[in-house]
Amino acid sequence: MTDPTRLDGDPGEGILSSLEHMDAGERAEHDAAVASSVAPTRVSTVAQGETLLAVDGLTVRFGGLTALDDVSFDVKRGEILGLIGPNGAGKTTCFNIMTGVYRPTSGDILLEGRSLSRMKRYRIIQEGVARTFQNIRLFGAMTALENVVVGTDARHRTSVPGALLRLPRHHREEKEGVEKAMALLEFVGIADRAADKATALPYGYQRRLEIARALATEPKLLCLDEPAAGFSATEKDALSELILKIRDDGYTVVIVEHDMRVVLGVTDRLVVLDFGRKIADGHPDEVRRDPAVISAYLGGAIDEATPAVAEGDA
Amino acid sequence: MPATPQAPDASGERVIASVLDPAVLTPLVVHAQPWINFDVGLLVDRFWANTINGLAYGSVYALIALGYTLVYGVLQLINFAHSEIFVIGVFATYLTFLGLGFQPGALPNLPIAAIILDLILAGVVAMVVAGLAAVGLERVAYRPLRRRNAPRLAFLITAIGASFAIQQVIRIWRGSNPEGTIRLLPPSPVFTIFGAPITNLQIIIILASLAMFVVADQFVNRSRLGRGIRAVAQDPATATLMGVNRERVIMITFAVGGILAGAAALFYLMTIPQGAVYNGGFLLGIKAFTAAVLGGIGNLRGALLGGLILGVAENYGQSLFGGDWRDVVAFVLLVLVLMFRPTGILGESLARSRA
């Protein structure tokens, strides 16, 4: 699973940690360097990707609270889109609508033109939207491998009699499922603990396991909800690397994340929410120069010296 | 004193009690007059007979207990109507016997192979009927509540209501007297263990129950649908988001529980041929539920262990304290175990049971 074109030194620690101090020009160069080292073939696709997911006038109200207010944006095939904003901006709500946890009050979400908002929850994963969770939600008593196999089950068709009678198809699917799950554990780098119970895994492994489980459903769109939460700097860099690797494998990724190092290190585009409204949408460099964004959130987060800006405005 | 599990009950009044009174009671009735005994000699004497007989009873408890435990694992619901699913299985078995031309009171004069075939046929009918009944119960009684997000108490009351409703419908249909005794396979000692005769029925029931348990266990732990069941048990919301169809999982869970109850019904009617009666599921259901809690509700292997322990323990208790103490021993045992291990012997739930 290692990319032979990857630079030998890890593109993580050193490069990413200096991101915050880059100006736009350096940043663009850096992006190009990372892109060419990790995925030389991807750059053009990202530039002219077609729309995979369309969020269209999404409004969500919980009683008197408007969590999302007429939010629209697109996710292009093959890109990594960052969904950011201060706490309570509606990022996770947006995720929850995309994966069917909530129904929108109005507006719609279309995956390849098909509406997800009226679909049964378990169907959405078959349509191709998979997610991880901010607070890890693994099947704790199952092994790491089994957790991933549950993901592959979404693509399998064995019937009850098939399972009871142990028909050849059931066997084949089981075998394929386990093989695929094992390959995914290797892909995310935790294959050495495949037989351990999910709850017995170290925290970082659990986060990676969630990603493997989501990938097992063969998603068109992978939604990562704060994947770097609770990570050390080193772990964050390794995670960034993994996310890029996932995109380069052909997946489209939407990521909600507070950590700006991770966000700026991996995203191709940013959508910024504040109080349920979209306040910016564009290339990370444009977005972080956007005055509205700076006043709402980003300035405070990037410029560690003035965190009060974010606090005060939020 | 040969083990004669079907010795007619001395009193002849307490149908349920007689149904559950095992063979070992008979010799006691003669001399056990004080309100409680402490007959260690008898306990030692009958140790092996009690053990084997208890395992046979316990197997039936265990099969029913699996139904309670599976549904509890997936829905956190004690499906009190499960005992009536079992009774439906008993009647399905009985009516299949009648349909096959067996008559109450008459011992069939058929080659053993034909009898075994008939028993298997009756078992299959009972499993199908009970399985369908369980799925139907879920559709009619529980699914509408789920749709409306009813509080848990509503489910519990519905379960109790469904239990009584089914029971009374059976009473109206078949009357309140037990059906006649149809015995296809009379118990006959096959060999002895430390002097205790082991009957063909005991062997069949213990082995067949274990086989059914292994199949159920493999199904839950090794198949895709079983993985779905465990995923829903651990975290319904996440399981749904991972593409598990929760409604389908619930239906399959009820079906599996019903099928196992149907098998239990056949074994029960093989040991207790006069057992087909409308309220025959009540005490047995409570015992099976007790077994499930004893082993750790939601835990498949716990249900098996709980059933076997309960079956054996009540036999020991009966020898030690006297026949009337059988049920007391069973439930005191439950209370004691829960005092020291509130999650049951194996503890935890289907959610946490290891594959």
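**Two chains in a predicted model**

Let me open with A:Phe275, a residue in the loop that links strand 9 (269-274) and strand 10 (277-282) of chain A. The phi of A:Phe275 is near 50°, a positive value, and the residue is not a glycine.

A:Glu218 sits in the loop between helix 9 (203-216) and strand 7 (221-225) of chain A. With 16 other C-beta atoms within 10 Å, A:Glu218 is partly exposed.

Let me now turn to the sheets of chain A.

Another open sheet of chain A is built from 4 strands in the order 2-1-4-5, with antiparallel pairing. Its edges are strand 2 (65-76) and strand 5 (114-115) of chain A, each pairing on one side only. How many bridges join strand 1 to strand 2 of chain A? There are 8, and the two strands run antiparallel. A:Val60 has A:Leu68, in strand 2 of chain A, as its bridge partner. The hairpin of these two strands has 2 residues between them, and A:Gly63 takes a positive phi near 60° there. Strand 1 (residues 51-62) of chain A also pairs with strand 4 (residues 106-111) of chain A, in the antiparallel sense and over 5 bridges. In that pairing, A:Asp56 has A:Asp108 of strand 4 of chain A as its bridge partner.

Which helix packs on this 4-stranded sheet? It is helix 4 (residues 91-98) of chain A, which touches strand 1, strand 2 and strand 4 of chain A, its direction making about 65° with that of strand 2 of chain A.

I move on to chain B. Its secondary structure comes to 14 helices and 2 strands. Of its 355 residues, 54% are buried. Among contacts in chain B with a separation of 6 or more, 79% join residues 24 or more positions apart.

An unreviewed UniProt entry places the feature "transmembrane region" at several spans of chain B, including residues 149-170 and 190-215. In the model, residues 149-170 of chain B are 86% helix and 0% strand, with end C-alpha atoms 30 Å apart. Residues 190-215 of chain B are 62% helix and 31% strand, and their end C-alpha atoms lie 27 Å apart.

Helix 8 of chain B covers residues 200-222. At 1.5 Å a residue, its 23 residues should span 33 Å, and the end C-alpha atoms are 32 Å apart, which agrees. Its buried residues include B:Leu201, B:Ile205, B:Ser209, B:Met212 and B:Ala216. An α-helix has 3.6 residues a turn, so residues three or four places apart point the same way. Among the elements covering the buried residues of helix 8 of chain B are helix 4 (47-75), strand 2 (196-199) and helix 13 (300-321) of chain B.

Helix 4 of chain B contains B:Tyr72. Is B:Tyr72 buried or exposed? With 25 C-beta neighbours inside 10 Å, B:Tyr72 counts as buried. Leaving aside residues up to four places away in sequence, B:Tyr72 touches B:Leu77, B:Ile78, B:Ile297 and B:Gly298.

I close with the contact between the chains, which takes 26 residues from chain A and 24 residues from chain B. On the side of chain B, two or more residues come from each of helix 9 (224-234), helix 10 (236-241) and helix 11 (246-271) of chain B. Helix 9 of chain B gives the most, with 7 residues. By class, this side of chain B has 9 nonpolar, 8 polar and 7 charged residues.

Notes: Residues numbered from 1 in each chain as written. Chains lettered and ligands numbered in written order. Predicted model: local features only at pLDDT ≥ 70, side-chain atom pairs only at ≥ 80, totals over all residues. Contact = placed C-beta atoms within 7 Å. Nonpolar A, V, L, I, M, F, W, Y, C, P; charged D, E, K, R; others polar. Buried ≥ 20, exposed ≤ 12 C-beta atoms within 10 Å, placed from the backbone. UniProt positions renumbered as here; feature names shortened; annotations may be inferred. Expected span 1.5 Å × (residues − 1). Pairing = 2+ DSSP bridges. Axes fitted to C-alpha atoms, helices over the stretch in contact; angles between N-to-C directions.
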